[in-house]
Amino acid sequence: MSADPEVPATPRLRAIREAWLERAVERLEADPAISAAGFVGSLGRGDADDWSDIDLLIVVPDDQLDHYADATHLPGSDLVTWSIDSRHNAPRGAGAIGVRYVIDGLPLHVDWYVYPRSQAAWVADAKVIFDEQGLRRLDDTFREHQDKREVQPPAPKAANAHRLLQVSLIPVAAKYVVRRSADAGRMVEFVGGPYVPAAVPAEYLAILRRLLVQYRDDAPEEMLAPVSRYLDLAEAVLQPNSPRLSTS
């Protein structure tokens, strides 16, 4: 698996991801209703690093789509602290759900894409885990497939759903900061911070810390505490040097 050698290594996060995946794949393979499963995103392309989240695509009977587009019916449900119906990120007729798990005190984000058998195929850059159907392979990458999809309307959300989404994505913003991504400023802005394109990583992490305090009344402690520990980890790997982020 290829990863950017300049991204700070964090074996603890990789170990958490791999331990969760081992258990999840066992559950998926044991479920007779799930006929195929595979990785998309960075794990599918083979360029994941220690900070990478998980993007999983599963294939289920058409009449069980709603059942599996629910975190309580997916592997690791006992570790879930938050989830959101994100069907608008999948083509019409398919489902998607973003799920936040907590393992060893740290958050792990998994985006599940749930496809009915009648609509399923592998994108060009997917990595197949198992496939009992022998699905066809598309020429489009996952990103191209997403860009071309027929967009479906988002599911109705609770009044506080956007705020909880922002809390859940603070670790993603921190990941962008650790990677010194040129998109870090926009991601920090998306989770509620100001847009400061020329900030150094320590400044971005300080903004994310302040947001956690600001969101204390909006999210439960079981959601906030793992995010705080994730920021601790990000700060630890960035010290003592913290050069400005790339703007190229």
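This is a predicted model: local features need pLDDT of at least 70, side-chain atom pairs count only at pLDDT 80 or more; totals for chains, interfaces and linings use all residues.

Before we talk about strands standing opposite each other: two strands pair if DSSP finds at least two bridges between them. Helices (H or I, at least four residues) and strands (E, at least two) are DSSP runs, numbered from the N terminus.

Residues are numbered from 1 along each chain as its sequence is written, and side-chain values use heavy atoms, with hydrogens and water left out.

**The big picture**

- The protein has eight helices and six strands.
- Starting at the N terminus, the elements go α-β-α-β-α-β-β-β-β-α-α-α-α-α.
- The C-alpha trace spans about 50 × 40 × 35 Å along its principal axes.
- The radius of gyration, taken over C-alpha atoms, is judged by a globule rule of 2.2 Å times the number of residues to the power 0.38. For 248 residues a compact globule would come out near 18 Å, and the protein has 18 Å, which agrees.
- Buried residues (under 20% relative accessible area, with exposed meaning over 50% and partly exposed in between, using a 1.4 Å probe and protein chains only) make up 52% of the 248 residues.
- Contact means heavy atoms within 4.5 Å. Of the contacts between residues at least 6 apart in sequence, 66% join residues at least 24 apart.

**The sheet**

- Six strands form an open sheet with mixed pairing, in the order β3-β4-β5-β2-β1-β6.
- From one strand to the next, the twist averages 20°. For angles like this, axes are lines fitted to C-alpha atoms (for helices over the stretch in contact), and angles run from 0 to 180 degrees between N-to-C directions.
- β3 pairs with β4 (residues 95-103) in the antiparallel sense, over five bridges.
- β2 and β5, by contrast, pair in the parallel sense over seven bridges, and Leu57 has Tyr113 of β5 as its bridge partner.

- Five of the five residues of β1 are buried, so β1 is largely enclosed by the rest of the structure.
- Ala36, Gly38 and Val40 point one way from β1, while Ala37 and Phe39 point the other way.
- β1 runs antiparallel to β2, and five bridges join them. Phe39 is partnered with Leu56 of β2, and Val40 with Asp55 of β2.
- β1 also pairs with β6 in the antiparallel sense, over four bridges, with Ala36 opposite Asp131.
- β2 is mostly covered too, with seven of its seven residues buried. Ile54, Leu56, Ile58 and Val60 point one way, and Asp55, Leu57 and Val59 the other way.

**Helices around the sheet**

- Helix α5 (residues 161-178) lies across β3, β4 and β5, running at about 65° to β4.
- α5 packs with helix α7 (residues 201-214) at an angle of about 175°, with axes 10 Å apart. α5 and α7 are therefore roughly antiparallel to each other. On this scale, angles under 35 degrees count as roughly parallel, over 145 as roughly antiparallel, 65 to 115 as roughly perpendicular and the rest as oblique.
- That contact includes Ile170 and Ala173 of α5, and Tyr204 and Leu208 of α7. Its residues divide into ten nonpolar, no polar and no charged. Here Ala, Val, Leu, Ile, Met, Phe, Trp, Tyr, Cys and Pro count as nonpolar, Asp, Glu, Lys and Arg as charged, and the others, Gly among them, as polar.
- α5 also packs with helix α8 (residues 221-238), at about 10° and with axes 10 Å apart. These two are therefore roughly parallel to each other.
- Residues in the α5 and α8 contact include Leu164, Ser168 and Lys175 of α5, and Met223 and Tyr230 of α8. They divide into 15 nonpolar, one polar and one charged across the whole contact.
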